[in-house]
Amino acid sequence: MTESGVYVYAIIPEGQALPAGAVGVGSPPAALRQVGDGQVTAVVSDAPLQLRARRRDLLAHQELLLSLSDRGPVLPMRFGVVASDEASVCAQLAGSQAEHLATLRHLDQGVEINVKALPAQDALAAVVAEEKDVRRLREAVRRRPDYEANVRLGEAVAAALSRRAAEAGKKLLHKLTPMARAVAAGPEVQGCALNVSFLVDRSESDAFRATARRFADAHRERAELRVAGPLPCYSFVSSRGLRPTVAGV
């Protein structure tokens, strides 16, 4: 172990093997190992001396988690979770073993899919056609153009675009929720009307994404959808008891 601590990638059931040839973050990539002597173990490596959220390391972290999830249930840590030493990792595992086992059972054969809804781009024609207030302000600007009238029109268009995206987001949430085991609201993102992650059966992930795409096609004048996944199930676990370093993102 280095003086910088132990980098923690995930918690997995005891006896679940690591993918052949898998390595961790850092340059050169760190060798992986498992710690813990109960029914769950942690996948760890020595933490790099100067851990930063470099693209190379972010990809290495996520690719390892995806490889692990192909072999069995995984309780993933977000990038940048470091423990002071192996003893502290073992103590956390022992103290929360029942909780970790329950979470692993819940996540088994599951993946995370994140969906964001943003105001539709290039939807001005639809907004003018369908929003009476916007149409009225636009006609007023055409009759008597001035700065204040243009400001009011711009504010009305922006408000209508945001409201329409939020309405579409609510409909999408209602449609997708029955297809998921669990739903987790994501952090607020500027300009984003909806940011939600879904825990979906791995076998149903293609159908879930196809449903989201069909909804996006049918509502393209109200919202732009961004669908990411399958992903490790970050939004449905907790890293309680482990400390994130300054590299956490």
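Modeller: Let's start with a term: a strand is a DSSP run of E at least two residues long, and strands are numbered from the N terminus. Keep in mind that we're looking at a predicted model.

Colleague: What makes you say where Pro230 is placed?

Modeller: Pro230 sits in strand β9, and β9 runs over 223-231. A strand is a run of E, so that is the label Pro230 carries.

Colleague: How do you know which kind of peptide bond joins Gly229 and Pro230?

Modeller: Look at omega: for Gly229 and Pro230 it's about 10°, and the bond is cis. Ser27 and Pro28 are also joined by a cis peptide bond, with omega about 0°. Pro28, though, is placed in the loop between β1 (6-13) and β2 (33-35). Most peptide bonds are trans.

Colleague: Why is Gln109 called partly exposed?

Modeller: Its relative accessible area is 48%. Buried means under 20% and exposed means over 50%. The value for Gln109 falls in between, so the label is partly exposed.

Colleague: What makes the largest cavity a cavity, and what is its volume?

Modeller: A cavity is space where a 1.4 Å probe fits but cannot get out. The largest cavity has a volume of about 130 Å³. The cut-off for the count is 30 Å³ or more, and one cavity is counted. Its lining has 16 residues, with Ser69, Val74, Gly110, Arg202 and Cys233 nearest the centre. Helix α1 (55-69) gives the most to that lining, three residues.

Colleague: And what is the largest pocket lined by?

Modeller: It's lined by 18 residues, and Glu112, Asn114, Lys116, Ser197 and Leu231 lie nearest its centre. The space in this pocket is about 300 Å³. Strand β9 supplies the largest share of the lining, four residues.

Colleague: How do you know how many residues of that lining are nonpolar, polar or charged?

Modeller: Each residue is sorted by type: Leu counts as nonpolar, for instance, while Glu and Lys count as charged. The lining of the largest pocket then comes to eight nonpolar, six polar and four charged residues.

Colleague: Which residues lie nearest the centre of the second largest pocket?

Modeller: Val25, Gly26, Ser27, Pro28 and Pro48 do, out of 17 lining residues.

Technical notes. Residues numbered from 1 in each chain as written. Predicted model: local features only at pLDDT ≥ 70, side-chain atom pairs only at ≥ 80, totals over all residues. Heavy atoms only, no water. 1 Å grid on protein atoms, 1.4 Å probe; cavity = no way out; pocket = protein on both sides within 12 Å on 5 of 7 lines; lining within 4 Å. Points joined across faces, edges and corners; volume = space filled by probe spheres on them. Buried < 20%, exposed > 50% of the residue type's maximum accessible area, 1.4 Å probe, protein only.
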